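This report walks through one structure, element by element. Please keep the sequence and the 3D view at hand while reading.

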Amino acid sequence: MRGGDTTGLRAYNERLVMHALLQAGMLSKAEIARETGLSGQAASVIVNRLLDDGLLVKLDKVRGQVGQPSTPIAPNPEGAYSLGVKIGRRSVEAILINLLGEEMGASRVRYDAPLPEPTISTAIAQAVGLLGHLSPAARSRVVGLGVAMPDEIHAWSAELGLAPGALDGWRDADIGGAFARETGLPVTRYNDAAAACAAEMIAGHAITSRSALYIYLGTFIGGGVVIDGRLYRGEQGNAGAIGSMPTGPTGRGETPGQLIHAASIFLLERDLEAAGIDPSAALSAALADGSGERADAIFDAWAETACAELSRAVVSALSVIDFQEVVVDGFLPPSWRDRFTQRLAAAVEGFNRSGLKAAPVLAGSIGPMARVLGAAMLPLKARFSPDTDLLVRSGMARDLA
């Protein structure tokens, strides 16, 4: 919102300028005025203020064109930083990025189960460790910390092979408060799959439409929803909770299962382990023991079952919201992700879709880093975007117009 006072209007206009430059990469002052709709004088004043604040830099003059040489203005990569942490069922990841979204440092710790106290301690240690690499001046330019994690992580003890109640400590854990106390940063928590969708919207190239169903194949399957070019979370945060969609029999006296029990990677991990194959090596395409063909066969069997159920969920979703595309990403190796996407597209085609327009099923472009990268990018978007909602990149929207 522009705000009703001078301070609010100035902050909004600064966000307009920053957003235009972050989208374009570099612009002259005249181009900034045209892109933002500001007067030339207002744009010049704002740009000069942002230059003084260290958020923008002047590049070398461009000569050889008609008219006076122009001086491009660009975002200063060192003008701001953001920190992202992903707390998952199998690992904790942290990443530090600069204003351009470039990685400045990252760390990852795997574990067998996300037990609350050790997991939170590990995550905080990773975040503090990355901040420690910054100089005091750079440290003062960290705008925030995003934490991406599954909703209701406490509810999945059985699926992870844990004793009942093993994850109950997550129910009342003050995650934001714990990170804020140790880092001194404002902390925002996001659903992990929604954060992955945000990363695809900001840094990827697969979501090119104003409406998309995003599917993330993680230990547990999750998703995100893009409507009217915006990441839609829903009034209760349920948007994109595709793992909770019912599957299986619905007869009298029978309780349907959920998609999370049919199309999640923890099932593939179990099958690989049962065959004596290291799941982490298989999922990172690092098999070096000649078991690649066996792993491929196990993957194909899992994908066939997963796509049969997931395709039903996709067609159901298309009948409720007119998605223009379906995007599939996750922490599968690229070759497996692409094969899964092709298989899912074929399964969707196999349904009777009379009355429904087609929506292509596409592979995502970010991969395993999507969740933690989204967690880091969202605080930057919140700080420097004039719109409170995350938008599909305007360049893509123009391409579709």
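How many of the 8 residues of strand β4 (residues 91-98) are buried? The count is 8 of the 8, so β4 is largely enclosed by the rest of the structure. Buried here means under 20% relative accessible area, exposed means over 50%, and partly exposed is in between, with a 1.4 Å probe and protein chains only. Helices (H or I, at least four residues) and strands (E, at least two) are DSSP runs, numbered from the N terminus.

This is a predicted model, in which local features need pLDDT of at least 70, side-chain atom pairs count only at pLDDT 80 or more, and totals for chains, interfaces and linings use all residues. Residues are numbered from 1 along each chain as its sequence is written, and side-chain values use heavy atoms, with hydrogens and water left out.

Two strands pair if DSSP finds at least two bridges between them. Strand β3 (residues 81-87) pairs with β4 in the antiparallel sense over 7 bridges, and S82 has I97 of β4 as its bridge partner. The two strands β3 and β4 make a hairpin with 3 residues between them. On β4 there is also an antiparallel pairing with strand β5 (residues 103-110), over 7 bridges. There A94 stands opposite S107 in β5. The hairpin of β4 and β5 has 4 residues between the strands, and G101 in its turn has a positive phi of about 85°.

G88 is found in the loop between β3 and β4. G88 counts as buried, at 2% relative accessibility. Contact means heavy atoms within 4.5 Å; apart from neighbours within four places in sequence, G88 is in contact with Y111 and P114. The C-alpha atoms of G88 and T341 are separated by 23 Å, and the two residues are 253 residues apart along the chain.

Strands of a sheet pair through backbone hydrogen bonds, either parallel or antiparallel. An open sheet of 5 strands runs in the order β10-β9-β8-β13-β14, and its pairing is mixed. At its edges are β10 (230-232) and β14 (361-363), each of which pairs on one side only. From one strand to the next the twist averages 30°. Helix α11 (residues 334-349) packs on this sheet and touches β8 (212-217), β13 and β14; the direction of α11 makes about 180° with that of β14. Axes are lines fitted to C-alpha atoms, for helices over the stretch in contact, and angles run from 0 to 180 degrees between N-to-C directions.

Strand β13 (residues 325-330) and β14 run parallel and are joined by 3 bridges. In this pairing, V361 of β14 is the bridge partner of V326.

**Helix α10**

Helix α10 (residues 292-320) has 29 residues and reaches 40 Å from its first C-alpha to its last, close to the 42 Å expected at 1.5 Å a residue. The expected span is 1.5 Å times one less than the number of residues. At C307, α10 bends by about 25°, the bend being the angle between axes fitted to the seven residues ending there and the seven starting there.

**Aromatic pairs**

Rings of Phe, Tyr and Trp (its six-membered ring) pair if their centres lie within 6.5 Å; planes under 30 degrees apart count as stacked, over 60 as edge-to-face and the rest as tilted. The count comes to 5 aromatic pairs. One of the pairs is W156 with F220, edge-to-face, at 5.3 Å centre to centre and 70° between the planes. W156 lies in the loop between β6 (142-149) and α6 (175-183) and F220 in the loop between β8 and β9 (222-227), so the pair ties together parts that are 64 residues apart in sequence. Both W156 and F220 are buried. Ring pairs also link F299, W302, W336 and F340 into a cluster.

**Selected loop residues**

Most residues other than glycine have a negative phi, and most peptide bonds are trans. E152 and D228 both have a positive phi without being glycine.

S28 is found in the loop between α1 (6-24) and α2 (29-36). S28 is buried, with a relative accessible area of 11%. Leaving aside neighbours within four places in sequence, S28 is in contact with S70, T71 and P72.
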